[in-house]
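The tour goes from the ligand to a sheet and then to a helix.

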Amino acid sequence: MANPIIKVHEVSKCYRIGITNSRPRTLREAIMYGISTPVRNLFSLRKLTKFNSEELLSGGEDIIWSLRDVSFEVNEGDVLGIVGSNGAGKSTLFKILSRVTEPTGGYVEISGKLSCLLEAGTGFHPELTGRENIYLSGAVLGMTKREIKAKFDEIVSFAEIEKLLDTPVKRFSSGMHIRLAFAVAIHLEPDILLIDEVLAVGDIAFQKKCLEKIKSFAREGRTILFISHNIELVKYLCKSALWLNNGRLARAGAVNEVIKDYERNSLAISH
Ligand SMILES: Nc1ncnc2c1ncn2[C@@H]1O[C@H](COP(=O)(O)OP(=O)(O)OP(=O)(O)O)[C@@H](O)[C@H]1O
């Protein structure tokens, strides 16, 4: 029977335009943001986020809804493509799933270890070396030093960064950055892997290697969410897909059907 590993319940995300969204402005907001996540989870997240959304709307500022009432479930072992035009809300969804940002409304339930490849190298500490970042990333995923050590050589040889191992990652090229980020994310054996349009940064040989690795990761029954504007790649990798349109879930289902609707809509707009 299908086993949902991710449940997204009526998630909305609102940004204030022109100011840093994450900085609390009122004492009440400061208290809300200051409470640590475990404590916050004791309360109803739905109630808290509803309050935030009302607060934002009453502020009378320019706001933008990146996501609006998005609900869906992902079953264990699914390889789900996420498509949509620029600014549709795809990356925002990943930031919410990986807890980089809080939803303004709604909530998500995730049952498993999640690793996320956002834009090049997010999650790495720029001042730390490649070696140190591998250990740090493993620790963030809850792995012991011994477990990380067992995977270490595989990560380094997959990324082909032997010579850069003791260089701070801020000196890496963007391609090298993403090689290491991909190698770390996929070898540290998360249950769920989020991949946001990062493959394009690597060279062709590395892209090919990544695709094979993603396929074998999926064959192990792990769950992958994949954002890309490369429709052929989405069709190649994914069985199902979501189409986000202006922050709303326009369609979810079998990859070919969703892509057909998305392409039809995009063509209609461009004419
Ligand atoms: N930190 C932020 N502050 C203000 N607005 C933001 C912020 N992050 C995203 N947005 C806005 O939210 C909307 C959705 O952005 P998002 O990055 O999720 O889109 P996307 O579907 O990933 O787009 P793309 O395909 O161009 O990468 C956009 O209008 C964007 O300008």
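How do the residues of the shell around the ligand divide into nonpolar, polar and charged? Keep in mind that this is a predicted model. Select the ligand and the residues around it: the shell holds four nonpolar residues, eight polar ones and one charged one. That shell has 13 residues, and the closest to the ligand are Tyr15, Ser66, Asn86, Ser91 and Thr92.

H4 gives the largest share, three residues.

Now hide the ligand and select the sheet. Six strands make up this open sheet, and their order across it is S5-S6-S7-S3-S8-S9, with mixed pairing. Strand S5 (114-117) and strand S9 (248-254) are at the edges; each has a single partner strand, so one side of each has no neighbour in the sheet. On average, neighbouring strands here are turned by 15° against each other, direction ignored.

Stay with the sheet and pick strand S3 (residues 79-83) together with strand S7 (residues 223-227). The two run parallel and are joined by four bridges. Strands of a sheet pair through backbone hydrogen bonds, either parallel or antiparallel.

Last, select helix H7 (residues 174-187). What does H7 lie across? H7 lies across S5 and strand S6 (192-196), and runs at about 165° to S5.

Notes:
Residues numbered from 1 in each chain as written. Predicted model: local features only at pLDDT ≥ 70, side-chain atom pairs only at ≥ 80, totals over all residues. Pairing = 2+ DSSP bridges. Axes fitted to C-alpha atoms, helices over the stretch in contact; angles between N-to-C directions. Contact = placed C-beta atoms within 7 Å. Near = placed C-beta within 6 Å. Nonpolar A, V, L, I, M, F, W, Y, C, P; charged D, E, K, R; others polar.
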